[in-house]
Amino acid sequence: MVEQAPSTSRRRVAVLTSGGDAQGMNPAVRGVVRTGLNRGAEMFAVYEGYQGLVDGGEAIRHVEWDDVSGVLNRGGTVIGTARSKDFRERDGRRTAVKHLLEHGIDRLVVIGGDGSLSGADLLRSEWASLVQELADRGEIDQDTADRHPALMIAGLVGSIDNDMLGTDMTIGADSALHRIVEAIDSIGSTAASHQRSFVVEVMGRHCGYLALMGAIAGGADYVLIPEDPPLPGWEQKMCALLASGREAGRRNSIVIVAEGAHDRDNNPITSEYVLNVIRDTLNEDVRLTILGHVQRGGDPSAYDRYTSSILGYAALEEVLSAKPDGVSKLIGTRGNRVSKVPLMESVAQTRALADAIAAKDFNTAMAMRGNEFTEMEHIFHAISHALPTVTRKRKSTRLGILNVGGLAPGMNAVARAAVRLGLDRGHTMVGISNSFQGLVDDEVRELQWGDVEGWTSRGGAELGISRRVPTVKDLYAIGRGIEKHGLDGLLIVGGWDAFAAVSTMRAEQDRYPAFQVPMIVLPATIDNNMPASEQSVGADTALNLIVDSIDRIRQTGTASKRVFVVETMGGYCGYLALMGGLSGGAVKVYLHEEGITLKDIAADVENMVDAFRAGQRLFLTVRNEKASPMYTSDFLVRVFEQESQDLYDAREIVLGQTQQGGSPTPIDRILGTRLAAHSIDWLSHQVDLHKHDAAMIGMQEGTPRIRTLRRVEEMADWEHRRPVRQWWMELRPVIDVLAARLALPENA
Ligand code: ATP
């Protein structure tokens with residue numbers, strides 16, 4: 001009989017990773033473990049997935065705070081993963097239960113794919129009978145059996161494919177998309193030098209997410225996905241499309257193939273086959289790149305770091321509050337928020353989708369993937385076709401597009417999509433350089449399909465931008481510019497300055513008839529401070545740059561004991577500071593929304609001294625640039641250093657303008673494309689109805705929503721240039737829990 005764990009009131013929870021590894025599993029494990037410790041639970045890690053449960057012994061280990069230090073930025077899973085044949089058998093699962101009970105564990109967080117999550121649910125449903133079997137066989141005593149009548153579980157989906165229904169994103173999918181887009185960008189430049197075609201194969205057996213989003217973010221020409229196979233004769237159509245793209249100005253052609261691609265009879269379409277078709281039809285040099293495991297590699301993206309941390313936190317809360325007779329929950333995301341759905345329903349739907357593909361019921365497969373997926377497929381088709389997909393030509397409707405305010409990575413992706421979709425809808429698209437001043441100075445040109453080629457991957461703003469915000473005095477000249485260039489509608493891309501400028505123009509519509517054209521603001525600012533918009537274009541790239549810098553700072557910090565105050569941009573909006581801190585593993589975040597008091601600083605110094613005395617080598621804090629007018633980063637550093645008792649040095653790092661640079665991330669490219677598409681549709685609609693509203697588009701819980709500017713103005717905190725209500729402040733407690741080592745209960 002095994003040695004029994006002592007009876008204790010502290011709840012015991014284990015976490016394991018199973019199936020294929022995915023970037024973001026480590027932040028999730030860290031989130032689970034630290035939240036558990038914070039809540040007073042005893043935490044265990046199971047090494048090598050379910051095999052570790054079956055093997056027991058050293059594979060199930062007690063974990064403490066420091067055991068999950070330094071893992072946030074590491075790809076893969078530090079607790080190992082495996083596929084276990086033994087666990088598929090009841091005997092194996094009975095042994096797994098015995099090993100869990102040796103440690104008194106009856107709560108389990110599983111991070112894995114649909115197989116792993118099904119395994120968890122099976123274990124949960126069999127638990128009582130397996131426990132009884134163990135008691136009957138004398139392998140555990142009846143008291144132990146009685147103390148653990150049920151297993152409580154929570155599931156997180158770790159899978160780079162984003163193939164699970166029931167959550168918008170799976171852990172690892174965004175990082176995989178980063179790898180794919182990096183590869184397409186690199187391939188794109190070499191292909192363009194030689195005027196070559198490239199076929200790129202990406203992962204996704206039953207799911208075209210990586211292929212489709214990779215194609216949109218990478219600016220590819222053609223994509224093959226399992227859910228929506230091409231119609232017979234697709235080979236000729238694909239080649240004609242590639243040829244027309246070349247004629248319209250492309251220097252390369254890129255076709256993305258999901259590994260599970262097939263035709264409408266479910267015969268596989270291999271990437272080699274696609275290569276041969278292009279080579280033989282177009283008679284040109286074609287190269288194939290199969291990305292394979294590269295997609296699982298590398299560091300987790302900022303998104304995967306903060307989302308997985310939040311999901312880990314939520315999974316732990318779920319497993320602690322789960323009831324023995326409740327339904328197992330999958331913890332995922334729905335439009336920026338944590339969602340909980342019945343785990344086995346999600347697994348069943350995911351499998352039903354694969355079945356629909358197998359049964360050639362592709363309409364059902366696409367419908368099950370959801371509206372966003374279908375919408376993005378349509379957008380991809382419209383922007384990748386060099387000839388308009390809609391033949392109807394409007395009566396010389398001219399839509400202008402301009403950038404206003406500070407630079408945001410992704411502005412070029414917006415412009416490219418807007419120009420191509422506008423042309424597709426039959427408009428004449430007019431690019432206005434250097435903001436509103438360009439209208440005044442006649443820096444205006446018509447843009448054709450090929451003019452925006454290659455813009456998706458570029459940082460900066462090809463149309464130019466100016467920080468100069470128009471004042472009331474400029475309105476007359478701007479109005480003249482609109483009339484002179486015959487603009488019937490405006491797409492204004494930018495942050496608060498863009499919003500404020502269009503607000504002024506809206507207010508003056510009666511006085512200046514030239515402003516009686518539809519105008520729509522598309523939020524593009526790294527600060528993510530726009531009302532009625534939960535995610536602005538550029539913020540994700542900035543976050544990734546912040547996280548990158550923090551990783552470097554950490555490396556230099558390990559050489560000596562150091563406190564860092566990393567200052568982020570954001571104006572009065574703490575989004576970048578909070579999310580950067582969460583993704584970078586900061587211990588403390590200073591936000592204008594909360595202010596800084598002398599008492600806070602004193603408490604922080606005390607924490608620092610205690611932490612360094614206890615052996616800590618690095619104490620990372622992130623401060624928003626306007627967190628406090630008095631307690632500046634410089635001030636904080638001087639106080640921290642002065643009070644260090646020679647235990648550490650303190651350094652200030654101001655990240656500054658670098659946060660606005662860089663090639664846009666997949667999220668920003670995709671978001672920019674999606675918002676541009678909705679904006680162009682809205683403008684078209686307005687023009688058709690002879691309306692001239694002023695509006696703003698914004699993401700609301702994962703869906704683009706257009707609101708009148710008047711309504712958005714009411715949602716704005718004008719003094720601090722941020723929304724009155726900021727959704728991400730709900731995440732504030734997570735960072736406290738994940739960083740609040742010193743607030744742990746005794747011996748946790
Ligand atoms: P991926 O998406 O990376 O394939 P997955 O979790 O779906 O991840 P699987 O190989 O299906 O990967 O499952 C991982 C492990 O989970 C299996 O090796 C097995 O130990 C366990 N498992 C899967 N399905 C079941 C099941 N129906 N019953 C019991 N255990 C299962």
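In what order do the strands of the open sheet that holds β1 and β11 stand? I began my notebook with that.

**Entry 1: ground rules.** I am reading a predicted model, where local features need pLDDT of at least 70, side-chain atom pairs count only at pLDDT 80 or more, and totals for chains, interfaces and linings use all residues. Residues are numbered from 1 along each chain as its sequence is written.

**Entry 2: the sheet with β1.** I followed seven strands in the order β3-β2-β1-β4-β5-β10-β11, with mixed pairing. Strands here are DSSP runs of E with at least two residues, helices are runs of H or I with at least four, and both are numbered from the N terminus. Two strands pair if DSSP finds at least two bridges between them. I noted that strands of a sheet pair through backbone hydrogen bonds, either parallel or antiparallel.

I checked the edges next. β3 (60-62) and β11 stand there with a single partner strand each, so one side of each has no neighbour in the sheet. From one strand to the next, the twist averages 25°. Angles run from 0 to 180 degrees between N-to-C directions, and axes are lines fitted to C-alpha atoms, for helices over the stretch in contact.

**Entry 3: two pairs in that sheet.** β4 (residues 107-112) and β5 (residues 152-157) run parallel, joined by six bridges. V110 faces G155 of β5. β10 (residues 329-334) and β11 (residues 337-342) run antiparallel, also with six bridges. There R334 has R337 in β11 as its bridge partner. These two strands form a hairpin with two residues between them. In the turn, G335 has a positive phi of about 50°.

**Entry 4: helices on the sheet.** I looked up α11 (residues 343-358), which lies across β5, β10 and β11 and runs at about 85° to β11. Contact means that C-beta atoms, placed from the backbone, lie within 7 Å.

**Entry 5: α3 against α4.** At what angle do α3 and α4 pack? I read about 75°, with the axes 9 Å apart. The two helices are therefore roughly perpendicular to each other. That word covers 65 to 115 degrees; under 35 is roughly parallel, over 145 roughly antiparallel, and the rest oblique. On the α3 side I listed R93, R94, A96, V97 and K98. Among their partners in α4 are L123, W127 and L130. The contact divides into seven nonpolar, no polar and five charged residues. Ala, Val, Leu, Ile, Met, Phe, Trp, Tyr, Cys and Pro count as nonpolar, Asp, Glu, Lys and Arg as charged, and the others, Gly among them, as polar.

**Entry 6: the ligand.** I found 17 residues around the ligand, the closest being G19, G20, G113, G115 and G119. A residue counts as near if its C-beta atom, placed from the backbone, lies within 6 Å. Helix α4 (residues 114-136) gives the most to this shell, with six residues. The shell has three nonpolar, 11 polar and three charged residues.

**Entry 7: another open sheet.** Seven strands run in the order β14-β13-β12-β15-β16-β21-β22, and the pairing is mixed. β14 (444-446) and β22 (703-708) stand at the edges with a single partner strand each, so one side of each lacks a neighbour in the sheet. β21 (residues 694-700) pairs with β22 in the antiparallel sense over six bridges. Q700 stands opposite T703 in β22. I also noted α22 (residues 666-688), which runs at about 170° to β16.

Terms used
Contact = placed C-beta atoms within 7 Å.
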